[in-house]
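This report goes through a single protein chain, from overall figures to individual side-chain pairs. The sequence and the model come first.

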Amino acid sequence: MILIKGFLRKKTTKLYIKIFTIIFSVIFLITSFQNYSFIISDSLKYHNIDLIMYAKEDKDSLLKNQKRIKDFHQSLSFKPGKDNDVTYNLSNNTKSFNYERIDWKYIISHNNIILTFPASFCDVKLKDKEILLALDETYYNPNNIRYYLNKEINFEYNNKNIILNLKNIINPKANNYICISDNLYNKLLLEEKNYIYEINTESYKKAQELTNLWRNLETNNFYNIIMFESNRNNNTQETINRLESLNKTLKYLSIIFITLFLIISIVTLKEMIFDEQKDFIILKQLGYNKMQNSMIFINKLLLLNIILFVLSFLITNIVLILINNLYGYKIVYSKENFYIFIIFIFIELLIYFFKKTFDTQ
């Protein structure tokens with residue numbers, strides 16, 4: 001206890017605490033801002049995507065056991081039916097494009113399939129003969145919606161013709177789809193030959209990771225995992241660009257401060273070890289061996305780092321609270337800071353043992 005008190009009273013120890021408290025506080029703040037900018041940017045991108053898996057094999061077990069996934073929904077494999085008052089195929093039509101009808105190609109998702117989910121997926125209630133269409137407004141004229149509602153649309157499912165009345169049209173996240181009644185969906189699901197899933201992940205980054213991870217799950221022409229992205233409006237895209245630019249700048253700043261911290265830690269630690277040599281001589285005369293002296297110094301170093309972490313943690317959180325209250329942000333202390341600190345302690349110990357080994361040679 002006397003040795004520790006004496007260690008904490010030394011000028012080199014006090015200087016070490018001041019310098020590294022400032023450096024760590026800055027690094028912790030940069031990391032927290034960087035994490036916040038990434039989360040906001042990722043969230044904006046995530047709200048404009050749909051992740052769809054097209055498979056011939058049952059993937060329920062795989063999806064349930066994947067930690068990146070929040071939930072998933074299986075789709076039916078509807079296909080376009082005959083042209084009618086609502087839908088038509090422009091390539092087979094002598095007339096030019098008109099807003100009073102919807103081209104089938106805008107409803108089709110992939111592999112000539114129309115993604116079909118239960119009404120509960122769309123948070124609505126539908127009768128067995130009703131359908132809800134999720135279609136981007138760029139593919140029809142919302143002002144002419146009266147031309148579409150309560151009219152029949154012909155679909156094909158397992159070589160059967162299914163006629164449904166259009167109840168409403170809503171905006172999708174990214175990919176267009178339809179919703180039918182839960183009752184009809186459950187009946188038709190028993191006949192479904194494909195395994196098509198709409199997958200909800202925890203973030204845009206996780207969706208990208210899954211796309212890369214599961215790119216080659218099946219070796220057939222049907223299988224695919226696609227991340228559909230809608231066209232973002234200019235304001236959203238500009239915000240994403242600014243956040244990504246900020247994130248890159250903060251990344252460079254963190255590298256600069258971590259490099260600075262490494263240089264200062266090497267110099268300061270060498271001075272501390274040199275300063276402790278006097279204590280080592282006294283302890284050696286009292287009967288302590290080299291291993292015991294080393295353990296005493298390491299304990300001092302660990303205690304010092306705990307003090308550093310507590311001070312840096314408090315300063316960082318106080319600054320974040322002030323910034324959040326002043327500007328209405330929701331920046332939180334990044335958990336990555338803890339890992340940075342653990343790495344710092346590990347580097348310190350490496351420097352200490354490296355110097356100790358070098359001095360004995």
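This is a predicted model: local features need pLDDT of at least 70, side-chain atom pairs count only at pLDDT 80 or more; totals for chains, interfaces and linings use all residues.

Residues are numbered from 1 along each chain as its sequence is written, and side-chain values use heavy atoms, with hydrogens and water left out.

The chain has 8 helices and 11 strands, taken as DSSP runs (H or I of at least four residues for helices, E of at least two for strands) and numbered from the N terminus. Of its 361 residues, 43% are buried; buried means under 20% relative accessible area, exposed over 50%, and partly exposed in between (1.4 Å probe, protein chains only). The accessible surface comes to about 20,800 Å², with 57% of it belonging to carbon and sulfur atoms; areas come from the Shrake-Rupley method with a 1.4 Å probe, and for residues only the protein chains shown count as cover. Among contacts (heavy atoms within 4.5 Å) between residues at least 6 apart in sequence, 81% join residues at least 24 apart.

Side chains of opposite charge can pair when their charged atoms come close. A salt bridge here is a side-chain nitrogen of Lys or Arg within 4 Å of a carboxyl oxygen of Asp or Glu, and the count comes to 5.

| Pair | N to O distance |
|---|---|
| Lys 59 and Glu 218 | 3.3 Å |
| Glu 209 and Arg 68 | 2.7 Å |
| Lys 160 and Glu 191 | 2.9 Å |

Lys 59 forms a salt bridge with Glu 218, which links the loop between β1 (49–55) and α3 to the loop between α5 (204–213) and β11 (224–229), 159 residues apart. Both Lys 59 and Glu 218 are buried, and together with Glu 57 they are linked in a network of salt bridges.

The side chains of Glu 209 and Arg 68 also meet in a salt bridge. Glu 209 lies in helix α5 and Arg 68 in the loop between α3 and β2 (69–80), so this pair ties together parts 141 residues apart in sequence. Glu 209 is partly exposed at 26% relative accessible area, and Arg 68 is partly exposed at 25%.

There is 1 disulfide, defined as a pair of cysteine sulfur atoms within 2.5 Å. Its partners are Cys 122 and Cys 179, with sulfur atoms 1.9 Å apart. Cys 122 sits in the loop between β5 (114–118) and β6 (130–134) and Cys 179 in strand β9 (residues 177–180), 57 residues apart. The link is right-handed, with 65° about the S-S bond, and both cysteines are buried.

Ser 37 lies in helix α2 (residues 11–46) and is buried, because its relative accessible area is 1%. Its side chain makes a polar contact of 3.1 Å with the side chain of Asn 247; such a contact is a pair of N or O atoms within 3.5 Å, where within protein one must be able to donate a hydrogen and the other to accept it, and residues adjacent in sequence count only if both atoms are side-chain atoms. Leaving aside neighbours within four places in sequence, Ser 37 is in contact with Leu 243, Leu 246, Asn 247 and Leu 250.

Asp 60, in helix α3 (residues 60–64), is partly exposed at 24% relative accessibility.
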